[in-house]
Amino acid sequence: MNFNDKVCVVTGGANGIGLCITNEFSKMGAKVAIIDLDKEAGEKTLNKTTQNGKECMFYWGDISEESTLKGFCDKVIKCYGKIDYLINNACLSRKGIISGCSYDDFNYVLKVGVTAPYMLSKLFLNHFNINGSIVNISSTRSYMSQEDTESYTAAKGGITALTHALAISLAGKVRVNSISPGWIDVSSNNDFSIEDKFQHPVHRIGKPIDIARTVMFLCDEANGFITGENITVDGGMTKQMIYNEDCGWKFTHSELI
Ligand code: NAD
């Protein structure tokens with residue numbers, strides 16, 4: 001894959017999966033514009049990328065705010081003229097109904113996880129080069145859940161549905177796809193039990209590069225027949241069917257304890 005001189009926008013590009021996406025696109029020759037709340041990490045990413053002789057822009061701000069999104073978009077277009085790829089990566093959780101996630105907390109997560117990806121798609125719409133691509137980072141939690149995760153899960157369901165809606169509305173202009181990562185270790189401490197690893201059919205926990213590679217695959221114009229699609233990248237975890245007492249797993253329910 002060659003992304004020489006392509007312009008790639010990454011939300012939450014200063015840490016974790018977003019940082020890996022930033023680094024991989026940069027290595028492949030792209031100019032990367034990132035927006036992130038974490039000023040220190042953003043400036044570190046900017047400095048490191050620039051030191052490596054690559055072009056990068058860091059915009060500090062909270063993507064839940066419309067004025068921030070407009071300011072960021074204006075700066076990117078002023079600097080680069082057009083963009084090629086928009087990677088809607090940033091999200092967070094403020095838990096759910098059991099721990100009392102409030103009206104404001106719930107809406108905040110939806111703003112970051114769904115509204116911002118929509119608004120950035122809208123703001124950049126007339127500034128995409130041909131063969132442009134939007135990749136939304138969803139989660140396997142868009143179709144399965146643990147308790148007390150409503151804010152995050154609703155945002156991930158939202159971004160998955162937003163993906164196919166945008167793919168149809170933007171047909172012929174920009175391809176739009178999503179990725180549903182499973183468990184991705186962003187700490188790189190690799191201190192996991194054998195059980196943690198082997199519950200995945202591939203016998204390991206995911207790494208940010210597993211997601212970055214899929215993002216690049218979806219952006220690559222050689223894969224231009226793919227739009228409106230979601231690719232699950234979870235080491236097969238959501239394909240593992242488990243019944244009570246399979247693999248020594250014992251089902252317990254609060255009503256039974
Ligand atoms: P992370 O917390 O390590 O990094 C997220 C980045 O987004 C941070 O740099 C943070 O500062 C930034 N960010 C958060 N809220 C923001 C806001 N309001 N405005 C601007 N920047 C903001 O997260 P990660 O694990 O790398 O996750 C990246 C994406 O992948 C998220 O959408 C997440 O839901 C998804 N995902 C992660 C996993 C996993 O296991 N790590 C699994 C499934 C999906």
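Select Ile184 and the ligand: a polar backbone atom of Ile184 lies 2.9 Å from an oxygen atom of the ligand, a polar contact being a pair of N or O atoms within 3.5 Å; within protein, one must be able to donate a hydrogen and the other to accept it, and residues adjacent in sequence count only if both atoms are side-chain atoms. The model is predicted, and local features need pLDDT of at least 70, side-chain atom pairs count only at pLDDT 80 or more, while totals for chains, interfaces and linings use all residues. Residues are numbered from 1 along each chain as its sequence is written, and side-chain values use heavy atoms, with hydrogens and water left out.

Next, select Leu37 and Ile63. A backbone N or O atom of Leu37 is 3.2 Å from a nitrogen atom of the ligand. For Ile63, a polar backbone atom lies 3.0 Å from a nitrogen atom of the ligand.

Now display the ligand surroundings. They comprise 25 residues, of which Asn15, Ile17, Asp36, Asn89 and Tyr152 are the closest; a residue is near a molecule if one of its heavy atoms lies within 4 Å of it.

On a 1 Å grid over the protein atoms alone, a pocket is an open set of points where a 1.4 Å probe fits, with protein on both sides within 12 Å along at least five of seven lines, and lining residues have an atom within 4 Å of a point. Its lining holds 44 residues, and Ser139, Arg141, Tyr152, Gly182 and Trp183 lie nearest its centre. Among the elements giving two or more residues to this lining are α1 (16-27) and β2 (31-36); α6 gives the largest share, 4 residues. Helices are DSSP runs (H or I) of at least four residues and strands (E) of at least two, numbered from the N terminus.

For the second largest pocket, which has about 280 Å³ of space, select Leu19, Asn23, Thr45, Lys48 and Thr49, the closest to its centre of the 13 lining residues. Both α1 and α2 (39-51) supply at least two lining residues, and the largest share, 5 residues, comes from α2.

Finally, select Thr214 in helix α7 (residues 208-219). Is Thr214 buried or exposed? Thr214 is buried, because its relative accessible area is 11%, and buried means under 20% (1.4 Å probe, protein chains only). Neighbours within four places in sequence aside, Thr214 is in contact with Ile179, Ile231 and Val233, contact meaning heavy atoms within 4.5 Å.

Conventions
Buried < 20%, exposed > 50% of the residue type's maximum accessible area, 1.4 Å probe, protein only. Points joined across faces, edges and corners; volume = space filled by probe spheres on them.
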